[in-house]
Amino acid sequence: VIAPPHDVAAAVDEAFRREWGRVVAAVIGLTGDWDLAEECTQDAFARALATWPHDGVPDRPGAWLTTTARRRAIDRLRRTAVGERKERAVAAGDGTAPPLVDDDTSTSGVTDDRLRLIYTCCHPALGVEAQVALALRTLVGLTTAEIARAFVVPEATMAKRLVRAKQKIRLAGIPYRVPAADALPERTAAVLAVVYLLFNEGYVATAGPALARRRLCDEAVRLARMVADLMPDDPEAHGLLALLLIQHARLASRSGPDGTLVPIEEQDRSAWDRAGIAAGLAALDRALRHERVGPYQLQAAIAACHAVAPTTAETDRVEIVRLYDDLVALVPSPTIRLNRAVAVAMADGPEAGLALLDELAASGDLAGHHLLAAARADLLRRARRPAEAAPHYRAALAATDNEGEVRYLARRLAECEAAIAE
Amino acid sequence: MLLISADEDEVERTHLLDDMDRFDAWMADLRARGVLRAHEGLHPSTTATTVRVRNDEVLLTDGPFIEAKDQVGGFAIVDVADLDEAIAIAAGHPATRIGQVEIRPVREA
C-alpha cells in the first residue's frame, strides 16, 4: 500500500522531531566528524522524503534513518582521500557491526549516543553561547538560520559561532563521551544549566520578537524532555523538565496582546495549558520519588503551587514560603532571596516582605537591579503607600529595557500617581 | 601545549616552599602518566627581548611582546588523549592558584 504523500510528509516531520539528535549522535559516534554527521543526517531525511512515498514508512523510522546516515557517512569517507585513514579506524572499530538497533535506550541500559552528544555540547571548555547553539543544531535539528532568528543575531554570526565551536571540539580534543563518575554531577549540572538558560532566554528575554522567544521556550522544553529521558535516575533532570513544563503552560497568559507583562494574580487562569501543567506535575512527581531534592525540583514545586491553585487567593502561600526557605538554604543567591521576600509578602502581608527587602538592599547584592526596585514598588503599592512606591517604579523603569516589563511598570506608576493626586 | 602564566611580582611574593612541593608533585604526576614531551621554565619577562621586522628593518624592544600584569613563565608540551586529561594536568600546576594555564592544541604536521 502506498501512503498518501501528506501522511509521508507528516511521518518524515515526526521522525525529524524525534530522531534528528539520535541520528546525528550515532554518526558522530561512528566517524568523530560533526559536519559529516550533520550532512549525512540531512541526506538521510532527504532520502526518506524521496523513498518513503513508494516504499512505505519503515516500522522503525529511527533505525532506518540511522542506518541510512551511517552508510552515507562510510560511503563519503571511502570516497575521499583523507577518508582512507578514518575508514580504517572505523573498520577497526564498529564499522563492520550490524546497523544500530533502534532500541528505546533509556530503559535498555545501553548508553544512548545522544548522552555523549549533550555532554560534549555542554563541555565547560566551550562558551555558554556556543553550548546552547550546538545543542540546538545537533540535538534538536534547528538550522543555523533558525537559531540565529531565535537569538536575534545575524545568521553569519551564528554560523561563525557554530563553526568555531565545532573546530574547537575537533582541534582541542574535547572528548565525545559521558564524563567519568567523579566529574558527572558537575557536568550534569552544566547540561541542565544550558537547558534552563535556553528557556529563560525566551521567558525573560530583554529584546526580540515574541514569536522567536516562544520558539526558544518550546525548544528548551523539548531538550529538557530529552535530557530527562536520557537521565532517568537524575531527579534534577526531571525537576527541570517539570519546572519548564509548568512555566511553559502559562506562557501565553504571561503577557497581554501588546506585550505588557501580566502579573500572576491578573492572569487568565482558564487560558493556562492544563495538559502541560499535568505533564509538569507528573514529571515533578517522578523527580520527588527519588527523595533527593534540588533547586530545580523546589522551583518546580513552587510553580506547581501556583499552577494548581484555582485563584490567587486560594494559592497555598504558606507552602510556597516553606519551599522558598528550602531553596534559599540550597541556593542563597540574591534573586532567590528577593523572590522569597515576595512570597513572604503574599503570605504574611507586604510589610513583612518589605522588611526582608530592606535586609536584602542593605547587603548591597542587588544594588541598582530593576527587580529589587520593582519588588519594593509593588509591595509599597500593595501596602497602600503609593507616594513611596512611585520613586521605586521610576528607578525600576530606568534600569530595564524589557518592553513587557517597561509597559507593566509604567502602568503601575500611572496608578500610583493617580492615587497620589486623589 | 600548556602556557603557564602569572603575575611575576605575585609569584615572587608567594614563592613558598609548599608551591615547590606542589610543583614537584605535578612533575611526578606527568612522569607517571608518561605524557611529558617538553617542559621549560623561563626567566622573568624583564629579561625578554622582542623582535619585529618592519620594512625589512629589525626592530628590538626591551621587554615582552605584550605589556600585561601576567606574563608567560613557562610551558609544557604533553601528549594526552583529550582535553579533559590536559585540563586535569593543567589544574595541578601551582601557577593556576595565582595565575593561569592556557591549553592550546599543537598543530599536527
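Reader: How many residues has helix α20 of chain A, and what is its reach from first C-alpha to last?

Author: This is a predicted model, where local features need pLDDT of at least 70, side-chain atom pairs count only at pLDDT 80 or more, and totals for chains, interfaces and linings use all residues. Residues are numbered from 1 along each chain as its sequence is written, and side-chain values use heavy atoms, without hydrogens and water. Helices are DSSP runs (H or I, at least four residues), numbered from the N terminus. Helix α20 of chain A, residues 403-421, has 19 residues and reaches 27 Å, close to the 27 Å expected at 1.5 Å a residue; the expected span is 1.5 Å times one less than the number of residues.

Reader: Which residues of α20(A) are buried?

Author: An α-helix has 3.6 residues a turn, so residues three or four places apart point the same way. Buried means under 20% relative accessible area, exposed over 50% (1.4 Å probe, protein chains only). In α20(A) the buried residues are A:Gly404, A:Glu405, A:Tyr408, A:Leu409, A:Arg412, A:Leu413 and A:Cys416. They lie on the same side of α20(A), because their arc around the axis is only 160 degrees, taken from the directions from the helix axis to the C-beta atoms. A:Glu403 and A:Ala421 are exposed on the other side.

Reader: What caps the N-terminal end of α20(A)?

Author: A:Asn402 does, with a side-chain oxygen 3.0 Å from the backbone nitrogen of A:Gly404.

Reader: Which residues have the most contacts inside the largest nonpolar core?

Author: A nonpolar core is a set of buried Ala, Val, Leu, Ile, Met, Phe, Trp, Tyr and Cys residues joined through side-chain atoms within 4.5 Å. The largest has 99 residues, and A:Leu117, A:Phe151 and A:Leu244 have the most contacts inside it. Apart from it lies another core of 22 residues, among them A:Tyr408.

Terms used: Chains are lettered from A and ligands numbered from 1 in the order in which they are written. Helices (H or I, at least four residues) and strands (E, at least two) are DSSP runs, numbered from the N terminus. A polar contact is a pair of N or O atoms within 3.5 Å; within protein, one must be able to donate a hydrogen and the other to accept it, and residues adjacent in sequence count only if both atoms are side-chain atoms.
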